[in-house]
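Here is a short report on one protein chain. Keep the sequence and the model side by side as you read.

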Amino acid sequence: VKEFGALVFAATMNVRQILSIIVSYIEYSNPITHLQILGLIVIFGALMYKSLMALLESGSKEEKAPLLSKGNKFESAAEDNIKNSKV
């Protein structure tokens, strides 16, 4: 997680869960219904879509900048409010 980030970790866990379910069906010879296949596709498709969208949106540097960094307009406004509130 430290090296690659939370999104890669979440995507890896999703793939691991998919493979675990498929191997379980094969290993124990359990029949799988069409409804179960549809459920797997919908749920894991949505999880992968969410991870992909978050990965594509994480490219912006603005989002990663702290809100109260030095020279930030929010910081100067917050400092002004603190100064003005002291009576």
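## Starting point: Ile41

Start at Ile41, which is found in helix α2. This is a predicted model. Ile41 has a relative accessible area of 58%. The cut-off for exposed is over 50%, so Ile41 counts as exposed.

## The chain as a whole

The protein chain holds 4 helices and 0 strands. Read from the N terminus, its elements run α-α-α-α.

How many residues does the protein chain have, and what percentage of them count as buried? The chain has 87 residues, and 6% of them count as buried. Its accessible surface comes to about 7,700 Å². Carbon and sulfur atoms account for 66% of that surface.

## How α1 and α2 pack

Two packed helices are described by the angle between their axes and the distance between the axes. For α1 and α2, the axes come within 9 Å. They cross at roughly 165°. That angle is over 145°, so α1 is roughly antiparallel to α2. The crossing of α1 past α2 is left-handed.

## Residue pairs along the chain

Take Gln17 in helix α1. Gln17 is partly exposed, at 32% relative accessibility. Phe44 is 27 residues from Gln17 in sequence, and their C-alpha atoms are 9.0 Å apart.

Ala11 also lies in helix α1. Its relative accessible area is 23%, so Ala11 counts as partly exposed. Between Ala11 and Leu52 there are 41 residues of separation along the chain. Their C-alpha atoms are separated by 8.5 Å.

Leu47 sits in helix α2. Leu47 is partly exposed, with a relative accessible area of 31%. Ala10 is 37 residues from Leu47 in sequence. In space, C-alpha to C-alpha, Leu47 and Ala10 are 8.9 Å apart.

## A nonpolar surface patch

Which residues make the nonpolar surface patch? They are Leu35, Leu38, Val42, Ile43 and Leu47. The patch covers about 480 Å².

Leu38 lies in helix α2, which spans residues 34–57. Its relative accessible area is 49%, and Leu38 therefore counts as partly exposed. Leu47 is in helix α2 too.

## The loop at Ser29

Ser29 is placed in the loop between α1 (6–27) and α2. Is Ser29 buried or exposed? At 62% relative accessibility, Ser29 counts as exposed.

Most residues other than glycine have a negative phi.

Notes
Residues are numbered from 1 along each chain as its sequence is written. This is a predicted model: local features need pLDDT of at least 70, side-chain atom pairs count only at pLDDT 80 or more; totals for chains, interfaces and linings use all residues. Side-chain values use heavy atoms; hydrogens and water are left out. Patches are made of residues with over 30% relative accessible area and no salt bridge: like charges are joined within 9 Å, nonpolar side chains (Val, Leu, Ile, Met, Phe, Trp, Tyr) within 5 Å. Accessible areas come from the Shrake-Rupley method with a 1.4 Å probe; for residues, only the protein chains shown count as cover. A salt bridge is a side-chain nitrogen of Lys or Arg within 4 Å of a carboxyl oxygen of Asp or Glu. Helices (H or I, at least four residues) and strands (E, at least two) are DSSP runs, numbered from the N terminus. Buried means under 20% relative accessible area, exposed over 50%, partly exposed in between (1.4 Å probe, protein chains only). Axes are lines fitted to C-alpha atoms, for helices over the stretch in contact, and angles run from 0 to 180 degrees between N-to-C directions. Angles under 35 degrees count as roughly parallel, over 145 as roughly antiparallel, 65 to 115 as roughly perpendicular and the rest as oblique. A crossing is left-handed if the near helix is turned anticlockwise from the far one by less than a right angle, and right-handed if clockwise.
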